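Visitor: I have a model open and would like to talk it through. Can we go feature by feature?

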Amino acid sequence: QRRVRGTAKQEMAQQGASLQNYNNELVKCLEDLREKREQINREIAREEDDKNKIQNDLKILTERLSRINDSLARKVAARNEYDQSIQETEAAYLKILESSQTLLHVLKRESANLQKKSQASS
């Protein structure tokens with residue numbers, strides 16, 4: 001009976017040691033999980049910071065793009081007005097040149113006619 005009790009004590013001691021080993025392993029696993037969670041948490045915080053910065057940059061760039069588009073629209077409209085004015089001015093100038101040329105021909109013809117009359121009367 002003593003031997004049985006000794007064996008039972010040894011078994012209980014072994015079970016106690018095994019239980020302690022399981023407990024130590026469980027604590028270590030929990031610590032590892034917490035460490036991995038903290039690592040992920042730090043990565044999430046970094047990425048959220050990046051995301052916020054990019055969203056802010058995007059907002060600034062979107063506003064800038066809008067201002068540039070407005071400016072371009074105004075400048076293109078102004079250029080189109082310049083083009084129209086240039087076309088109208090060139091067309092008017094060509095008419096003036098044609099009229100000047102016609103006037104010059106008329107003056108030369110009249111001058112020649114006057115000279116002929118002047119020579120004929122002398």
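**Surface patches and salt bridges**

Guide: Glu43, Glu47, Glu48, Asp49 and Asp50 form a negative surface patch. Patch members have over 30% relative accessible area and no salt bridge, with like charges joined within 9 Å and nonpolar side chains (Val, Leu, Ile, Met, Phe, Trp, Tyr) within 5 Å. Lys and Arg count as positive and Asp and Glu as negative, while His and the chain ends are not counted. The place of a charge is NZ of Lys, CZ of Arg, CG of Asp or CD of Glu. This is a predicted model, where local features need pLDDT of at least 70 and side-chain atom pairs count only at pLDDT 80 or more, while totals for chains, interfaces and linings use all residues. Residues are numbered from 1 along each chain as its sequence is written, and side-chain values use heavy atoms, with hydrogens and water left out.

Visitor: Where is Glu47 placed, and is Glu47 buried or exposed?

Guide: Glu47 sits in helix α1. Glu47 counts as exposed because its relative accessibility is 56%. Buried means under 20% relative accessible area, exposed over 50%, and partly exposed in between (1.4 Å probe, protein chains only). Helices (H or I, at least four residues) and strands (E, at least two) are DSSP runs, numbered from the N terminus.

Visitor: Which residues form the nonpolar patch?

Guide: That patch consists of Leu26, Leu30 and Leu33, which together have about 290 Å² of accessible area. Accessible areas come from the Shrake-Rupley method with a 1.4 Å probe, and for residues only the protein chains shown count as cover. Leu30 lies in helix α1, residues 2-121, and is partly exposed at 38% relative accessibility.

Visitor: Switching to salt bridges. How many are there?

Guide: The structure has three. The term means a side-chain nitrogen of Lys or Arg within 4 Å of a carboxyl oxygen of Asp or Glu. One of them joins Lys28 and Asp32, at 3.3 Å from N to O. Both of these residues are in helix α1, four residues apart, about one turn of the helix. Asp32 is partly exposed at 31% relative accessible area.

Visitor: What about Asp57 and Lys53?

Guide: Their side chains form a salt bridge at 2.9 Å, N to O. Asp57 and Lys53 are four residues apart in helix α1, about one turn of the helix. Asp57 is partly exposed, with 29% relative accessible area, whereas Lys53 is exposed at 52%.

Visitor: And what does Glu38 pair with?

Guide: Glu38 makes a salt bridge with Arg37, 3.2 Å from N to O. Glu38 is partly exposed at 35% relative accessible area, and Arg37 is exposed at 52%.

Visitor: What share of the residues counts as buried?

Guide: Of the 122 residues, 1%. The accessible surface is about 12000 Å², with 55% of it belonging to carbon and sulfur atoms.

Visitor: How far apart are the mean positions of the positive and negative charges?

Guide: The mean positions of the 23 positive and 20 negative charges are 2 Å apart.
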